[in-house]
Every structure is written in C-alpha cells, then in structure tokens.
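Student: I'd like to learn how to read a protein model feature by feature. Could we go through one together?
Tutor: Gladly; let's open it up.

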Amino acid sequence: DSAIDKDINFIKEIGVNIKTNTRVGTDVTMEQLEKDYDSVFLGTGFFKPRALNIPGADHKDVIGAMTFLPQVRDFERGVLKLEDIDVAKSIVVIGGGDVAFDVARSATRLQMLKYGKSDVKLTSLENEDSLPADMEELIEGGEEGMEFFCGNGPQEVMQKNGKITGLRLLKCLCIFDDSGKFNPEYDTTCEQTIAGEQIYLAIGQSPDYDFIPESLKDKVIIERGKIKADESGQIKDVPWLFVGGDIFRGPDLISGVADGH
C-alpha cells in the first residue's frame, strides 16, 4: 500500500487533480467533459465480471472478483472491518487465473480470521498442469488449505430454501473447438457437486460502456468489446476523445500502463 500511495502522491505533486467518487454518465456527463476540457482519455478497463450463463448464477451470493477484491483492499487499509465483509464459512471460486487465486487465498485468510478455519474450493476448466495462474499460486494455495477441482466446468448453482448449497460440475474434455473458438465440451457421465455457501466468479472481465451517451454511440465503434481507435488511441470521428488500456487493446497490463503514460 505504501508503494501505491507513493505513486499516487507523485502524480498529485506533478499537478494532476484527482476527483474521486464521480461516476461518468451519472455525476458528470460526457457532453460536460467535452465542454470543459480540450481532450478526454478513457481508461475504464474491463471491470464488470463476465457472466456465468448457468442456472442459479443470478443468485445474490454469486459474487464477482472485482466486487470482492476491493473489499479485501479496504480491509487491509483499515477502511473496512472484518465484520463488514460478508465471507461465508464455505466458498467455491470459479476460475484458473491469478485473479481467481487472489480471490481464493484472500477468502481463505478472511475465513481464518473470522471463523478460525477455512473452507475454500477452486474449480477451473483447465487441468492443474495447464492453469493460466503461476504454479506458485497452486502450491502455496494448497499449503494454505485450499482444495482444487481443476478440469471441471460449472453447470448449475445448487440451492435449497433460497440459499446456495454448492456447485454442480461436469468433467471438461476440451475447452476450445477445432477452429480455436471457446466452446467447452463435457463428459456428462462424470458429474460431481462441491459444497459452498458463496460462489466467487473470476472467469474474466468485460467492459461497461453505459457512460457513452446516445449522441456518441454512432461514432464510437465497438468491435469484440473494444473501442476502435488509431494507433495513438484517438477515435476517428471524435477527435477530442482518446482511449487506452483494456478497452482499446484488450486485457494487457503492460500496454495499459504504457497507454496511461
């Protein structure tokens, strides 16, 4: 945190005015920004959780990684108390990347603080030997008490009396089809249900373009979730508007930082 605070303070010192708790499209409009400034740079990233299209996924206790992780950050900073974070006694995390492990390991530690024991299960389409996350995450997560159900795909959020009881899985035979398109195939004879009262989603993020007004929708072209612009990030028919980061190049931290610079 001290390293982040140092960076933020440096940015402030060189003259950047940071306005927090201001939602574009609600608290301030794009039209107002165009009027008040010479140019506007959009770096809103992919922060909406990608939807899980299975029965029961709309339950309130199916929680996105980007809803949970900021709470963990605020707890670490002393902004939130432990009792302010709704962490159940048993949790299932869906995802195989570094973010999924961030969620799972954070949940494990919060459970230890809250209940004196942990119960976190992580499931991913990928097998253990082909996880996108670093192998260290798998090893250290196991040492912290996490259970792994890799190589399985979620089929249904199980419920009883309005509460989540677990997640039904099928063994994943392959993730991509012959053309390289994401199209998982499952073995319907190899089924299991893992218990959990909350399910955390870390299967990727998507953009939220609700802040783009109707007046710009025919000029801001969105292709495969990303905004179309020239190499410098300038939108062709909206010369005052620039984009960078995930919404321009897709999820790539290095390029996002470079665009920010």
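Student: How many salt bridges does the structure hold?
Tutor: The general idea first: side chains of opposite charge can pair when their charged atoms come close. A salt bridge here is a side-chain nitrogen of Lys or Arg within 4 Å of a carboxyl oxygen of Asp or Glu. The structure holds 13 of them. Before we go on, note that this is a predicted model, where local features need pLDDT of at least 70 and side-chain atom pairs count only at pLDDT 80 or more, while totals for chains, interfaces and linings use all residues. Residues are numbered from 1 along each chain as its sequence is written, and side-chain values use heavy atoms, with hydrogens and water left out.

Student: Is lysine 121, which pairs with aspartate 119, buried or exposed?
Tutor: Buried means under 20% relative accessible area, exposed over 50%, and partly exposed in between (1.4 Å probe, protein chains only). Lysine 121 counts as buried, because its relative accessibility is 9%. Aspartate 119, at 24%, is partly exposed. Their N to O distance is 3.0 Å.

Student: Where do lysine 217 and glutamate 214 lie?
Tutor: An α-helix has 3.6 residues a turn, so residues three or four places apart point the same way. Lysine 217 and glutamate 214 both lie in helix α6 (residues 214–217), three residues apart, or about one turn. Helices (H or I, at least four residues) and strands (E, at least two) are DSSP runs, numbered from the N terminus. The two side chains form a salt bridge at 3.4 Å, N to O. Glutamate 214 is exposed at 63%, and lysine 217 is partly exposed at 45%.

Student: Which residues of helix α5 are buried?
Tutor: In α5 (residues 135–143), they are Glu137, Leu138 and Gly141. They sit on the same side of the helix because they cover an arc of only 100 degrees around the axis, taken from the directions from the helix axis to the C-beta atoms. The face turned away from that buried side carries the exposed residues Glu136 and Glu143. Among what covers the buried residues are α4 (98–115) and β6 (147–150). Glu137 also belongs to a network of salt bridges with Arg105, Arg109, Glu140 and Glu144.

Student: Which residues have the most contacts inside the largest nonpolar core?
Tutor: A nonpolar core is a set of buried Ala, Val, Leu, Ile, Met, Phe, Trp, Tyr and Cys residues joined through side-chain atoms within 4.5 Å. The largest has 26 residues, and Phe68, Ile91, Val93 and Tyr200 have the most contacts inside it. Two or more residues come from each of α3 (65–76), β4 (91–94), α4 and β5 (120–124). Helix α4 gives the most, with six residues. Another core, of 19 residues, lies apart from it and includes Ile212 and Leu216.

Student: How much space lies in the largest pocket?
Tutor: Rolling a probe the size of a water molecule over the atoms shows where empty space is left. On a 1 Å grid over the protein atoms alone, with a 1.4 Å probe, a pocket is an open set of points with protein on both sides within 12 Å along at least five of seven lines; lining residues have an atom within 4 Å of a point. The largest pocket holds about 2500 Å³, a volume being the space filled by probe spheres set on the points, which are joined across faces, edges and corners. Its lining has 47 residues, and Ile18, Lys19, Phe41, Gly43 and Thr44 lie nearest its centre. Helix α1 gives the most to that lining, with six residues.

How values were computed: Contact = heavy atoms within 4.5 Å.
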